[in-house]
There are 2 protein chains.
Amino acid sequence: MKKLKRNERIGALVKVLSDSPNKVFTLSYFTELFNAAKSTVSEDLVIVKRLMDKMAIGKVVTIPGAAGGVRYEPFSSKEDIGILLDDICEAINDTKRIIPGGFLFLTDVLYNPAYVSKIGSIFAEYFMKNSIDYVITVETKGIPIAMMTAHALNVPLVIVRNENRVTEGSTLSINYVSGTTGKLRTMYAPKRSIEKGSNVLIIDDFMKGGGTAKGLVDLINEFDSNVKGIGVLIETIEPQDKMVSDYISLLTLDERSYDEGIRIFPSERFDSEKS
Amino acid sequence: MKKLKRNERIGALVKVLSDSPNKVFTLSYFTELFNAAKSTVSEDLVIVKRLMDKMAIGKVVTIPGAAGGVRYEPFSSKEDIGILLDDICEAINDTKRIIPGGFLFLTDVLYNPAYVSKIGSIFAEYFMKNSIDYVITVETKGIPIAMMTAHALNVPLVIVRNENRVTEGSTLSINYVSGTTGKLRTMYAPKRSIEKGSNVLIIDDFMKGGGTAKGLVDLINEFDSNVKGIGVLIETIEPQDKMVSDYISLLTLDERSYDEGIRIFPSERFDSEKS
């Protein structure tokens, strides 16, 4: 390949690194890609690191040693998170969203790529320190957010089913009480989906009573693995005592007074921990 | 903000553009972000365009006029697509994947963020010319791929359910015959999920008889909207006559001879159309 100029290499480095968050690239990978010397690529990386810091758009981490290299970690500034959460609250704040049974219609928000890619990134940044091996969620509405979180962490996603499916092979199952409907349900995960002793992050779109999250915690224990975090996009203000305690939410919904409009706001819990 | 150097602006431009594929950014957005003159940003964009071309990692398209600006379109070279599909075939080619009933265990592949983000990008590139307004899929296994396709196209995802859920509000439903199980099933989509007259792209993980895809086609027609493409990751070699005809698949699976190992290979149909 024709040699690239420095600013072209910078652009290409940013592209390759940020396309694969948390993936380690060796220095040799880039020297071959660019047909450039190690010292040249090292200097390029210093520039990339600095520009990401300056713009608050990510972090480039150098891993020393034989298995070393560089990886890109997503980063969202407190300001960016605030703007995103305000945007989502504004999108949700429409009484036409209240549907029979007192539920909120949310799927357009939960399946909006611009929102979910950023939400996934925020969860990934928050839980990255916990050495996550898998992200887990229950079908269906939390899948897009969980997928984007898994992508930002560079780990596999596990989707737990509400029915036992022929295409999943042998499954582990657990009974749980859905917080939304109060009904007893069963969830199923393929036996081969999680290796023993893994660190698992639970991601879901919505938490009311916390029954689903509690079910996932029990399921992860059945896999002899460790729950290393629970993140939900929206929690309801009531019941205040959820069936799980150690979780974060980005938004809080007050379901008590739909007559006066929809009250949804950024969660204090997340905000204070982040700062 | 402190002024950035050219190579820092180049890096930031690549990051912002490629984070939001197919989103139009005005020139003023970048002049404000960088505190730089229009002429400066224009020159930066020329460099970004050129480096993306050289490296075959994307396209930067300029939209002229008052509502104009620039947008990033993902691009995968034929070589990159070949490497990805070979990788996936190799991952699948393991007889331990054959599970009772003659099904293949595939969820680890279908939920692998590195694979699905690239697959989504390939589908987006292929169907981009069709002015897609929505990506649609049926729960559950196709959702990650469909989500990544929607992200690359910058359009909403619609997830059709197999049960009527309280949280979806009023739904449109249609009966269909599942090609995998041969059973009559019903699929449901929220009435407010697709606007009349929209262009819809169907994305799924697997096609055997094409019954699910046919069901989605019927459902889209019920929404007075247009099917503008069908993309599946894997199709089976038999039955050769699917219930839909105008579709693309990336991989073809020969289910007839599991005794001799798993035969899966890149689909000719896609390959020849792409070249």
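Domain bounds, as used here, come from an automatic or database domain assignment. In this predicted model, that assignment divides chain A into domain 1, covering 6–73, and domain 2, covering 78–274. The C-alpha centres of domain 1 of chain A and domain 2 of chain A are 32 Å apart, and the contact between them draws on 5 residues from domain 1 of chain A and 4 residues from domain 2 of chain A. On the side of domain 1 of chain A that touches domain 2 of chain A, the residues comprise 1 nonpolar, 2 polar and 2 charged.

Within chain A, strand S1 (residues 59–63) and strand S2 (residues 69–73) run antiparallel and are joined by 5 bridges. Along this pairing, A:Val61 stands opposite A:Arg71 of S2(A). The hairpin that S1(A) and S2(A) form has 5 residues between its strands, and in this hairpin A:Gly65 adopts a positive phi near 95°.

From the single chain we can turn to the pair. Chain B is superposed on chain A by a rotation of 180° with 0.0 Å of shift along the axis, at an RMSD of 0.0 Å; the two copies are therefore related as by a two-fold rotation axis. Both copies use the same surface, in that 100% of the contact residues of chain B recur in chain A.

What does each chain bring to the contact between them? Chain B and chain A contribute 47 residues each. On the side of chain B that touches chain A, at least two residues are supplied by each of helix H1 (6–19), helix H3 (38–55), helix H5 (107–110), helix H6 (113–127), helix H7 (143–153) and strand S6 (157–160) of chain B. Of these elements, H1(B) gives the most to that side, with 9 residues. By class, the side of chain B that touches chain A consists of 25 nonpolar, 14 polar and 8 charged residues.

If neighbours within four places in sequence are left aside, B:Val135 is in contact with B:Ala146, B:Thr149, B:Ala150, B:Leu153, B:Val155, B:Leu157, B:Leu201 and B:Ile203.

Note on methods. Residues numbered from 1 in each chain as written. Chains lettered and ligands numbered in written order. Predicted model: local features only at pLDDT ≥ 70, side-chain atom pairs only at ≥ 80, totals over all residues. Contact = placed C-beta atoms within 7 Å. Nonpolar A, V, L, I, M, F, W, Y, C, P; charged D, E, K, R; others polar. Least-squares fit on C-alpha atoms with pLDDT ≥ 70 in both. Helix = DSSP H or I, 4+ residues; strand = E, 2+ residues; numbered from the N terminus. Pairing = 2+ DSSP bridges.
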